[in-house]
Amino acid sequence: MASTNSERRPFVKMHGLGNDFVVFDARQAPLALSDATVRALADRHTGIGCDQLIILRASDDADVAMEIRNADGSTVAACGNATRCVARLVMGERGAEQAVIETAAGLLRAHGSGAGVAVDMGPPGLDWQDIPLAEAGDTRRLDFTRGALGDPGAVSMGNPHLVFFQDDAVAVQAFETLAPQIERDPLFPERINVSLARVDAPDALALTVWERGAGFTRACGTAACAALVAAHRRGLTGPKARVGLPGGMLMVTWDVAGDSVILAGPADLSFFGAVDLAAYEIEAAA
Ligand SMILES: N[C@@H](CCC[C@H](N)C(=O)O)C(=O)O
């Protein structure tokens with residue numbers, strides 16, 4: 001079978017709290033990957049393995065543009081942790097402490113923050129059309145119940161999020177089974193990321209996330225932002241909280257007056273590699 005990518009292509013493996021990314025640089029050499037090839041590369045048994053695959057492209061308006069693909073091949077507009085990882089790469093290249101990243105959700109500004117990276121994820125979308133929902137609803141407390149889970153908040157961080165605030169054992173157990181079903185509920189025409197949040201203090205949340213197109217992940221930056229926004233809208237927390245995830249801790253600040261959400265935490269490089277994309281294209285087409 002003819003291949004458009006018949007050479008070994010370098011990549012960088014990065015992660016934010018174990019939310020992991022394969023990053024290809026297509027600023028010089030163009031790269032287009034089918035959904036099936038992304039799925040093959042993201043596979044943890046037969047591929048490189050990742051939650052999201054990132055393709056960097058040149059940008060006229062920013063230091064770099066990034067295309068974001070979920071492990072299932074779908075293209076998405078926002079990924080908080082990958083944006084922080086890409087910012088770290090770009091800042092390293094330029095010896096700078098700041099970077100501007102172009103995503104399909106807009107231009108995002110990042111800067112070094114302690115040992116990690118902080119990014120301004122922009123304003124949260126709070127109208128039901130922003131999520132989007134299939135019909136009008138109160139995004140502060142949606143009239144939506146599935147089994148033991150109910151009354152979630154809905155927030156867009158450039159991507160759609162649903163956040164349940166329940167910490168009883170029944171809800172925690174139900175979440176594992178129900179989250180994948182809720183992702184594809186007809187109320188969410190673009191599917192949805194689903195989180196279960198526990199409020200530990202007015203400045204502390206604990207979060208479990210089922211990511212649209214990737215499954216349960218060790219962390220999700222936009223989910224951390226959405227959870228803080230949803231919690232603050234209900235008066236459960238202040239506008240700033242540490243958000244504990246299976247992979248570690250993120251800091252989220254909702255600057256309500258400035259209408260932006262700042263996400264900060266570690267952004268780490270795991271290893272450099274190279275991959276024969278032609279082999280993956282053949283496997284994906286088989
Ligand atoms: N891991 C990400 C979110 C990636 C996209 C998400 N799965 C979606 O489909 O919207 C993050 O750190 O925000």
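Q: Leaving aside neighbours within four places in sequence, what is Asn159 in contact with?
A: Asn159 is in contact with Val76, Ala77, Ala78, Asn193 and Thr222. Contact means that the C-beta atoms, placed from the backbone, lie within 7 Å.

Q: What kind of model and numbering is this?
A: This is a predicted model: local features need pLDDT of at least 70, side-chain atom pairs count only at pLDDT 80 or more, and totals for chains, interfaces and linings use all residues. Residues are numbered from 1 along each chain as its sequence is written.

Q: Where is Asn159, then?
A: Asn159 is in the loop between strand 11 (153–156) and strand 12 (160–165). Strands are DSSP runs of E, at least two residues, and helices are runs of H or I, at least four, numbered from the N terminus.

Q: Is Asn159 buried or exposed?
A: Asn159 is buried, because 29 other C-beta atoms lie within 10 Å. The cut-offs are 20 or more for buried, 12 or fewer for exposed, and partly exposed in between, with C-beta atoms placed from the backbone.

Q: And Arg212, where is that?
A: Arg212 sits in the loop between strand 14 (204–211) and strand 15 (215–216). Arg212 also counts as buried, with 24 C-beta neighbours inside 10 Å.

Q: What does UniProt list for "binding site"?
A: The unreviewed UniProt entry lists residues including Asn159, Asn193, Arg212 and Thr222. UniProt positions use the numbering here, feature names are shortened, and annotations may be inferred rather than shown by experiment.

How values were computed
Two residues are in contact if their C-beta atoms, placed from the backbone, lie within 7 Å.
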